[in-house]
Amino acid sequence: MSSLKSSLKKILLGEQGLVVIFAVAFVIVSLTVPNFLTERNMIGLLQSVVTIGIVACTMMFCLASRDFDLSVGSTVAFCGMIAVMASNVTGSIILGLLAALVCGAIVGLVNGVLIAKVRINALIATLATMQIVRGLALIASDGRAVGINDPNFYQLALSTFLGIPTPIWIMVILFILFGFVLNRTTFGKNTLAIGGNPEASRLAGVNVATMRIWIFTLQGFICAIAGILLSSRITSGQPNAAIGLELLVISACVLGGVSLAGGRASMSGVIVGVLIMGIAQNVMNLLNIPAFYQYLVLGSILLIAVTLDNIRSAAAGRRRG
């Protein structure tokens, strides 16, 4: 009996345990929630997690290296604004997209330099840039939504391939790309090494500061992609868009097994974490649960995610001991 309990505990706390929990929850929801398994709802569910999923791809690297980025929501909104405004001013969607990508990378670069070179705590540095970047978005737009002049901009979100919206394909491609980077490249291995033991990584020849700068720059760049797609989907640049996104993304990553203590991450876990967050919101919407109560549920999910992370970390510590 004790060996059975031990095996169950090991499964539930491991990556395969998350998949089992997700599968069970999915079956229960499918059987109990009306219209959940319809094609329209499934496409809508995937579209609803595009922003969270895209940003989670690189938040995974931040968390795995013992850092985190609280400015992602502001960066998404700011870059979406830049894409729309630059496209309107220049008359070129391509130039607007490039301007947004450059701005996102610059925000990430600033975060990385503040954390890696100036040695400001990641919490304080990204909290500051979160406020600054959101302020820039509000100042640039005078606090109002900015309409899109060129209707072709809408096609970024409205176009489909094989019946599936383009943003979903972009999210899937980024999942595959960053899963490969994490598991098959030196960059991914060094990220996990830094999170596991920064000093040992430095002594082994890894340039820890440069790695952190690259991770945050990449985070800003990916936030720009998410911001562009979000602006296209909501048909305007919204300075107040993506408020609270950082908490949803971190919740999805931690729920997916990415350790807040660094050194542990998997793309498959992050994907499941993103889907769990999406299904939770989708089910609450289908059941017409008021938004006020949805905050309680999402906050509870974050607490559960952090608790599971603590249990996993404690179990890993006992195994090493």
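Me: Let's begin with Trp-169: is it buried, partly exposed or exposed?

Reply: Keep in mind that this is a predicted model. The relative accessible area of Trp-169 is 27%. Buried means under 20% and exposed means over 50%, so Trp-169 is partly exposed.

Me: What kind of aromatic pair do Phe-161 and Trp-169 make?

Reply: An aromatic ring pair is described by how far apart the centres are and by the angle of the planes. For Phe-161 and Trp-169, the centres are 5.6 Å apart and the planes sit at 70°. Planes over 60 degrees apart get their own label, so this pair is edge-to-face.

Me: How many aromatic pairs does the structure hold, and what is the angle between the planes of Phe-61 and Phe-187?

Reply: The structure holds 4 aromatic pairs. Phe-61 and Phe-187 form a tilted one, 5.9 Å centre to centre, and the angle between their planes is 45°.

Me: Which residue joins Phe-61 and Phe-187 in a cluster?

Reply: Ring pairs do the linking here. They bring Phe-61 and Phe-187 into a cluster with Phe-178.

Me: Over to Arg-212: is it buried or exposed?

Reply: Arg-212 lies in helix H12, which covers residues 208-233. Its relative accessible area is 18%. The cut-off for buried is under 20%, so Arg-212 is buried.

Me: How far apart in space are Arg-212 and Arg-66?

Reply: Leaving aside neighbours within four places in sequence, Arg-212 is in contact with Ser-65, Arg-66, Asp-67, Gly-112, Ala-116, Ile-194 and Pro-198. Arg-66 is 146 residues away from Arg-212 in sequence. In space, C-alpha to C-alpha, the two are apart by 9.8 Å.

Me: What about the nonpolar surface patch: which helices each supply at least two of its residues?

Reply: The patch is about 450 Å² and is made by Leu-109, Val-113, Val-118, Ile-120, Leu-123 and Ile-124. Leu-109 is partly exposed, at 40% relative accessibility, and lies in helix H6. With residues 93-116 in one and 122-141 in the other, the two suppliers are helix H6 and helix H7.

How values were computed
Residues numbered from 1 in each chain as written. Predicted model: local features only at pLDDT ≥ 70, side-chain atom pairs only at ≥ 80, totals over all residues. Heavy atoms only, no water. Helix = DSSP H or I, 4+ residues; strand = E, 2+ residues; numbered from the N terminus. Buried < 20%, exposed > 50% of the residue type's maximum accessible area, 1.4 Å probe, protein only. Contact = heavy atoms within 4.5 Å. Phe/Tyr/Trp six-rings, centres within 6.5 Å; stacked < 30°, edge-to-face > 60°. Patch = residues over 30% accessible without salt bridge, like charges linked within 9 Å, V, L, I, M, F, W, Y side chains within 5 Å. Areas by Shrake-Rupley, 256 points an atom, 1.4 Å probe, with all protein chains shown as cover. Salt bridge = Lys/Arg side-chain N within 4 Å of Asp/Glu carboxyl O.
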